Amino acid sequence: MAERQYHLKFDNKNAQAVDEYLEYKRIVGDDDGGELMTPDQFEEYKKKVLPMRMKNRLFVSYSAPTGMDCKMIGPETPCFCTHRYKQHKTDFEVIPTDRPIKLPCRQRGCKCATYHFAPLNGSQPIRCTCKHTSEEHSEEQPYRCKKRGCIKCTGFTSSFTCGCGGSYKQHKMIVETAEEREARGHPIGQATPYAAMGGITGFSSLADGYMRLDPSGRGAPNKGFLEQSITSADNPFLRSNVQAIKSHQMQKNMLKGEREQNKQLHVNGIDDPDDEIFSDLTERVSQMKRPGEADMDYYERRYQEKKAGGRANVTDSYGQLGAGTRKAIDDKPRSARTPQPRTPQPRK
């Protein structure tokens, strides 16, 4: 049965109140114990916590042996104890000197000594070699199975393989300061007042490590990867423009040689060689129908493009469209061979 959906409408005043509440929850988190603080209490909380949070922020990641951060931990990332990262201790007045830094769970009755990321296989928790999921294991290390009758499990271990190609055993949790993270060459982003941000430094942090192109992920591709030949396994867009790309590369090489021989490009009437090179490629891309584009939208877009790229309007000195003039065309004299039209004779 489909879940019931609600559509709420707010005016500007109420919408602003919702935004203020969301901002409040991002800063306070669960520190208010479920009861909203008064404005004075909220201001006192910010004066006390925000400087400490921005100075002593801890970056948490689930890392591969190669140094890649396969998963950046955020406020809603679940722990092995099934609680979220924001429900663990994340704010410290003084950063502990012991390593690794412990982040115990703050929920009542939870025995989790420190945060430990539990990977997911799609949307489902991964399974141990004892065939039971991570949620069916103890939250205390070495995370033994709690299922009745499962006596062979000595601790959670899985055959799960991460997207980076490493196994579950090869990964480890890293809790580090900003200085330690910079020493590894990984980005730290900007200081934020929000609670339990963990390793989130931007939108790209939400992706897995093997898909991120920043230093904490797989990194930017090299020139050889970008210039490799197009094959049948590539994107359909690339395969549909193979000839145009080849023509672009050939013309670019030719113009590069001409540029070295002749430094004055205006002699050939070319201000920028790339403009001439990309003209054919741009037209080919424009001819393709875009995803979700209706037929009438496609034809209207093509019409406007051709209209903008067509013959310019002739304007007078005042910027107004000038009326053209032309000579009147005189009637040509009739040839002698041209039969004369007959005048109809009245009937008698």
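Tyr-298 has a relative accessibility of 16%, and since buried means under 20%, this residue counts as buried. Tyr-299, by contrast, is exposed, with a relative accessible area of 55%. The two rings form an edge-to-face aromatic pair, 5.3 Å from centre to centre and with 65° between the planes. Please bear in mind throughout that this is a predicted model.

How many aromatic pairs does the structure hold? There are 8. A further one joins Phe-156 and Tyr-168: the ring centres are 5.5 Å apart and the planes stand at 80°, so this pair is edge-to-face as well. Both residues belong to the loop between strand S4 (124-125) and S5, 12 residues apart. Phe-156 is buried at 9% relative accessible area, and Tyr-168 is buried at 10%. Together with Phe-80 and Tyr-143, Phe-156 and Tyr-168 make up one aromatic cluster.

I turn now to the nonpolar packing. In soluble globular proteins, nonpolar side chains tend to be buried together. Here the largest nonpolar core comprises 34 residues, and Val-60, Leu-103 and Tyr-115 have the most contacts inside it. Strand S1 (59-63) and strand S5 (172-176) are the elements that contribute two or more residues to this core. A second, separate core has 9 residues, among them Tyr-24, Phe-42, Tyr-45 and Met-52.

Which residues does Leu-103 touch, leaving aside neighbours within four places in sequence? Its contacts include Leu-58, Val-60, Tyr-85, Phe-92, Tyr-115 and Val-175, and also Lys-89. Lys-89 in turn lies over the face of Phe-92, 4.9 Å from the ring centre.

Finally, the salt bridges, of which a search of the whole structure finds 16. Arg-181 and Glu-176 meet at 3.1 Å, N to O. Are these two partners buried or exposed? Arg-181 is buried at 1% relative accessibility, and Glu-176 is buried at 3%. Shared partners join Asp-69, Glu-176, Arg-181 and Arg-184 into one salt-bridge network.

Two other bridges have partly exposed partners. Glu-43 and Lys-46 meet at 3.4 Å, N to O; Glu-43 is partly exposed at 39%, and Lys-46 is partly exposed at 22%. These residues are about one helical turn apart, because they are 3 residues apart in helix H2 (residues 39-55). Arg-84 and Glu-76 form a salt bridge at 3.9 Å, N to O, with Arg-84 partly exposed at 34% and Glu-76 partly exposed at 44%.

Thank you for your attention.

How values were computed: Residues are numbered from 1 along each chain as its sequence is written. This is a predicted model: local features need pLDDT of at least 70, side-chain atom pairs count only at pLDDT 80 or more; totals for chains, interfaces and linings use all residues. Side-chain values use heavy atoms; hydrogens and water are left out. A nonpolar core is a set of buried Ala, Val, Leu, Ile, Met, Phe, Trp, Tyr and Cys residues joined through side-chain atoms within 4.5 Å. Buried means under 20% relative accessible area, exposed over 50%, partly exposed in between (1.4 Å probe, protein chains only). Helices (H or I, at least four residues) and strands (E, at least two) are DSSP runs, numbered from the N terminus. Contact means heavy atoms within 4.5 Å. Rings of Phe, Tyr and Trp (its six-membered ring) pair if their centres lie within 6.5 Å; planes under 30 degrees apart count as stacked, over 60 as edge-to-face and the rest as tilted. A charge sits over a ring if NZ of Lys or CZ of Arg is within 6 Å of the ring centre and within 35 degrees of the ring normal. A salt bridge is a side-chain nitrogen of Lys or Arg within 4 Å of a carboxyl oxygen of Asp or Glu.
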